[in-house]
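Good morning, and thank you for coming.

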Amino acid sequence: MESCSPKVAKVDLPYDSLENFSVSGDSLQPDRWWTAFNDDTLNILIDSALEDNLSLKSVWYQLIESRASVAVVNAGVLPQIDLQLRSGISRPEPDFVGGENMQLSLGANYELDLWGRIRYSIHAEEYRFKASYYDYKTAAITLSSQITLNWFRLKAWNQQYKLIKNQIATNEKVLSLIRARFVSGQVKGVDILRQKQLIESTKAQKVFIETQIYTLQNQLSVLLGQPPEGTVDSISSSLPELPDLPSTGVPLKLVNRRPDVQSAYFNLQASDRDLAAAISNKYPRLQFSLTAAIRSNTFENLFQNQAVAVTGSLLAPLFYGGRLQAEVDRNEAVRQQQVNNYANVVLTAFQEIENSLISEQKQIENITLVENQIDLLQKTIGQLRYEYLNGSLPYLDVLVAINQEQQLRRDLINARLQLLEIRVGLYRALAGGFETDRESELKEEESL
């Protein structure tokens with residue numbers, strides 16, 4: 001006979017030998033990881049988003065829905081009691097003279113959970129409720145990272161805007177000097193045209209940057225649950241310094257803190273219990289029913305005639321066209337999906353952490369290289385200008401060098417932004433979750 005007890009899913013993953021990540025810092029990462037950047041405005045923005053973001057609210061009510069589903073299946077372990085009052089006109093019968101008949105009946109039904117079908121169904125919903133809880137925590141972490149990335153990108157584009165305005169002003173001053181030398185016959189007219197072309201190019205970059213700023217402001221407004229109309233009035237253009245590298249800890253313990261891993265684990269447990277319930281459904285059910293009724297021709301005599309009936313029934317499924325076994329097979333397939341999903345979530349967590357650690361190291365090296373290029377180009381431009389003023393070099397060489405140097409300065413801002421984005425990704429990958437106000441209220445009602 002097939003066992004109706006749940007089969008605990010075994011997950012074999014190739015990470016038993018992984019004892020440490022490739023890189024680790026010494027600082028302790030706070031649960032509210034964004035506070036490591038020491039940005040008061042960012043802290044306020046995230047607190048506001050966690051309260052007002054509409055997508056996060058939607059995920060929260062999915063959790064509330066899941067909690068209600070637990071209450072629904074829990075009702076299955078209690079007797080179902082109905083009260084019914086009927087009134088009607090009947091023909092004469094031996095016990096009645098005819099006329100208006102009234103009946104008040106009380107019925108109760110109860111199923112004895114012989115094989116654990118109801119119990120397993122309850123456990124499955126409880127695990128799904130816990131999975132929904134960690135889905136909410138995952139959504140909160142995702143939202144906090146979106147706000148942080150949006151805020152840093154907004155800062156970076158404001159820094160780009162300030163830089164491009166300075167570059168336009170510098171290029172216009174150079175144009176004035178070239179015009180003065182042209183009047184004295186020291187330079188060619190084509191040099192003026194080339195310098196004008198550079199100015200127009202930088203102005204086009206300015207328009208593009210303004211578009212990005214407005215777009216990011218609108219995105220930030222929506223993330224805060226507000227209409228897209230420029231939420232932030234004044235933004236500092238300085239990007240924060242990179243905090244110290246956090247300690248990564250032991251790989252397996254670390255990823256088990258992640259809410260997406262916890263959600264995958266509880267979904268796996270729920271599928272185990274669903275399978276056990278489907279197996280139990282193939283076995284006989286024992287049900288009891290109680291009916292108590294009183295009836296009379298008139299409401300005044302209603303309580304004079306009483307009847308009570310107690311019955312028990314054993315329902316044994318004989319032929320359902322293979323439906324019950326198909327349901328077992330379906331639940332087994334779902335469980336195998338959850339086994340592999342859990343394994344994939346864990347391995348993806350390792351990948352995200354390792355990618356962030358390596359990418360941060362390489363990005364720091366890249367920033368150093370860009371800074372070195374800027375230093376070399378500044379020296380080169382100085383030498384090229386000297387030779388140009390002496391008439392031994394065409395202005396095109398100077399123009400190319402100036403354009404490269406200005407582009408490298410914009411690249412440097414982007415490189416520093418990318419470094420912060422990588423760190424945000426690392427914080428998110430390492431995050432074990434933080435408690436929102438909604439969670440605090442829920443924990444007062446539930447034990448999670």
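Predicted model: local features only at pLDDT ≥ 70, side-chain atom pairs only at ≥ 80, totals over all residues.

I begin with one glutamate. Setting aside neighbours within four places in sequence, Glu405 is in contact with Ile374, Leu377, Gln378 and Ile381, where contact means heavy atoms within 4.5 Å. Glu405 is located in helix α8. Helices here are DSSP runs of H or I with at least four residues, strands are runs of E with at least two, and both are numbered from the N terminus. Is Glu405 buried or exposed? Its relative accessibility is 11%, so Glu405 counts as buried. The term buried means under 20% relative accessible area, exposed means over 50%, and partly exposed lies in between, with a 1.4 Å probe and protein chains only.

Residues are numbered from 1 along each chain as its sequence is written, and side-chain values use heavy atoms, with hydrogens and water left out.

Now to the overall arrangement. The protein has nine helices and four strands. From the N terminus on, their order is α-α-β-β-α-α-α-α-β-β-α-α-α. Of its 448 residues, 40% count as buried. Among contacts with a separation of 6 or more, 83% are between residues 24 or more positions apart.

Next, the nonpolar interior. In soluble globular proteins, nonpolar side chains tend to be buried together. A nonpolar core is defined as a set of buried Ala, Val, Leu, Ile, Met, Phe, Trp, Tyr and Cys residues joined through side-chain atoms within 4.5 Å. The largest such core in this protein has 43 residues, and Phe37, Leu42, Leu50, Ile147 and Phe152 have the most contacts inside it. At least two residues of this core come from each of α1 (40–52), α2 (54–74), α3 (117–183), α4 (189–223) and α8 (395–430). Which helix supplies the largest share? That is α3, with 15 residues. Apart from this core lies another, of 24 residues, including Ile192, Ile199, Ile367 and Ile381.

Let us look at how two of these helices pack. Two packed helices are described by the angle between their axes and the distance between the axes. The axes of α2 and α3 are 9 Å apart, and the angle is about 170°; axes are lines fitted to C-alpha atoms, for helices over the stretch in contact, and angles run from 0 to 180 degrees between N-to-C directions. The two helices, α2 and α3, are therefore roughly antiparallel to each other, the term for angles over 145 degrees, whereas under 35 is roughly parallel, 65 to 115 roughly perpendicular and the rest oblique.

I turn to the aromatic rings. Rings of Phe, Tyr and Trp (for Trp, the six-membered ring) pair if their centres lie within 6.5 Å; planes under 30 degrees apart count as stacked, over 60 as edge-to-face and the rest as tilted. By this rule there are 14 aromatic pairs. In one of them, the ring centres of Phe21 and Phe350 are 6.1 Å apart and the planes lie at 55°, so the pair is tilted. This pair joins distant parts of the chain, 329 residues apart: Phe21 is in the segment before α1, and Phe350 in helix α7 (residues 323–389). Phe21 counts as buried at 7% relative accessibility, and Phe350 is buried with a relative accessible area of 7%. Phe37 and Phe152 form an edge-to-face pair, with 4.9 Å from centre to centre and 80° between the planes. Both Phe37 and Phe152 are buried. Ring pairs also link Trp33, Trp34, Phe37, Phe152, Tyr427 and Phe434 into a cluster.

Finally, consider two residues with other surroundings. Asn38 is found in the segment before α1 and is exposed, with a relative accessible area of 69%. Its phi is near 55°, a positive value in a residue other than glycine. Gly432 is in the loop between α8 and α9 (437–443) and counts as partly exposed, at 23% relative accessibility. Gly432 and Arg32 are 400 residues apart in sequence, and their C-alpha atoms are 9.5 Å apart in space.
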